[in-house]
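Work through the exercises below with the model open beside the text. Each task is followed by its solution.

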Amino acid sequence: MSYDPSRPDVIADPYPAFRLLQAQDPAHWSGILRGWVVTRYADVKTALHDRRLSSDRITPFVAHESVRGCPHVQELGRIAGRWVVFNDPPAHTRLRGLINTVFTSRAVERLRPRIHEIVDELLAQVTDRGTMDVIGDFAYRLPVIVIAEMLGVPPEGREQMKAWSDELALFIGSALGTPDKYERAARGMADMCTYFREVVGARRRQPREDLISALVDAEQQGGQLSEEELVATCVLLLFAGHETTTNLIGNGLLSLLRHPDALAALRADPSLIGPAVEELLRYDGPTQAQVRVALDDIVLHGKTIRAGDRVFVMVNAANRDPARFDEPDRLDLTRADNAHVAFGYGAHFCVGAPLARLEGQVAIAAAVRRLPGLALAPGELTWLPSMVFRGVRSLPVMFRPFARTSRL
Ligand code: HEM
């Protein structure tokens, strides 16, 4: 069977194609992607902790003849190659250990009141308008404010951060059809590194109550990290901390608006928000695929994945596998046994999961509660043309306008 992830109907709704792949060709060679596509839940979990599948897709990518002579790609590779997410043990273990010491559930939980405050401020700006773009006015803005504050980036630096990070997404998100994407991404990366290099230096001289000071401190306690690894980690946290969370809030609200019964149930019982966010992550999560590179020949469903081949591990497909989830295409906010893999699985399981969950819960609950009559505005949705991220460019909604109120 053929699977074309660049087809507009597949970008808008990839799930029918995933179901066919699961049933007919669970280890699918895609000529278009020049890689294997793995879609079954059991295979996805196995792949995500299989040591024969490397997370270092940067080294082979920058060595490829099509980009070998491109200085922008080489520079991007040099820095992204230091990101925990693109490393295998032992470097992965070392980098991850450092992040784990500062990115704890306790550190995240301390942010709860501040996240409520930011959500309130953002919603207060639209409540009397009766319309908003969920992405531009809300979901796009919350995560970057939160992670920037965590990292200690002052408010005046945030817009710039967001702009740099959007450029960087052109590289990481495999944006299809953007000709100057590497040049723009390299510029965003270089500017962010310069910025963080200065902040790291400043925190070394004078620590504050922020994540960068904590990273610097952990590194000084014997974390064995180079200055450049520290700077690259700051860029990663800033970057990883918002694109996906934006799409959790965007996709989550879109799924609820397309399922009025679920929306009504959540409105009637706000205590559902915890399991609701898990179900929204399962139903239409922000990450479509994790890419791995085979280090050895691996046989899967009778096919041989050769050493050096790329493997697209499709977490969103796994989350709709009928072999694992009853009625997988049904949005069920009270679903029991919801072991989705939206945050990955195994050693690379998302560091930011507690933060993403908290932001998603506060944001979605507040939007549902505070915007009466919330409904989709008419019009077509444009989905991001990406194999990695899943989300819409904008999500116009309507609701009954009302004067500003304080937090409920
Ligand atoms: C809903 C939002 C999010 C989703 C769906 C998500 C998803 C993921 C997934 C699937 C992975 C595994 C990557 C792999 O196996 O190669 C991952 C790793 C990671 N995520 Fe997230 N993420 C989210 C939010 C965040 C946030 C808020 C942060 C930090 C501020 C973050 C930081 C990271 C980091 C640093 C890794 C690398 C972990 C490692 O390689 O050991 N993520 N994320």
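**Exercise 1: a helix on a sheet**

Helix 3 (residues 41–48) lies across strand 2, strand 3, strand 5 (289–294) and strand 8 (310–314), and runs at about 125 degrees to strand 8. Contact here requires C-beta atoms, placed from the backbone, within 7 Å. Axes are lines fitted to C-alpha atoms, for helices over the stretch in contact, and angles run from 0 to 180 degrees between N-to-C directions. Helices (H or I, at least four residues) and strands (E, at least two) are DSSP runs, numbered from the N terminus. This is a predicted model: local features need pLDDT of at least 70, side-chain atom pairs count only at pLDDT 80 or more, and totals for chains, interfaces and linings use all residues. Residues are numbered from 1 along each chain as its sequence is written.

Task: state in which order the five strands of the open sheet are arranged, and name its edge strands.

Solution. 
- Step 1. The order is 1-2-8-5-3, with mixed pairing; two strands pair if DSSP finds at least two bridges between them.
- Step 2. Strand 1 (27–30) and strand 3 (53–54) are the edge strands, each pairing on one side only.
- Step 3. Strand 1 and strand 2 (residues 35–38) run antiparallel, joined by four bridges.
- Step 4. Opposite Ser30 stands Gly35 in strand 2.

**Exercise 2: two helices**

Task: describe how helix 11 and helix 12 cross.

Solution. 
- Step 1. The axes of helix 11 (residues 155–172) and helix 12 (residues 181–205) come within 7 Å and cross at roughly 135 degrees.
- Step 2. Helix 11 and helix 12 are therefore oblique to each other (under 35 degrees counts as roughly parallel, over 145 as roughly antiparallel, 65 to 115 as roughly perpendicular and the rest as oblique).
- Step 3. Residues of helix 11 including Trp164 and Phe171 meet residues of helix 12, among them Lys181 and Met192.

Methods
Two residues are in contact if their C-beta atoms, placed from the backbone, lie within 7 Å.
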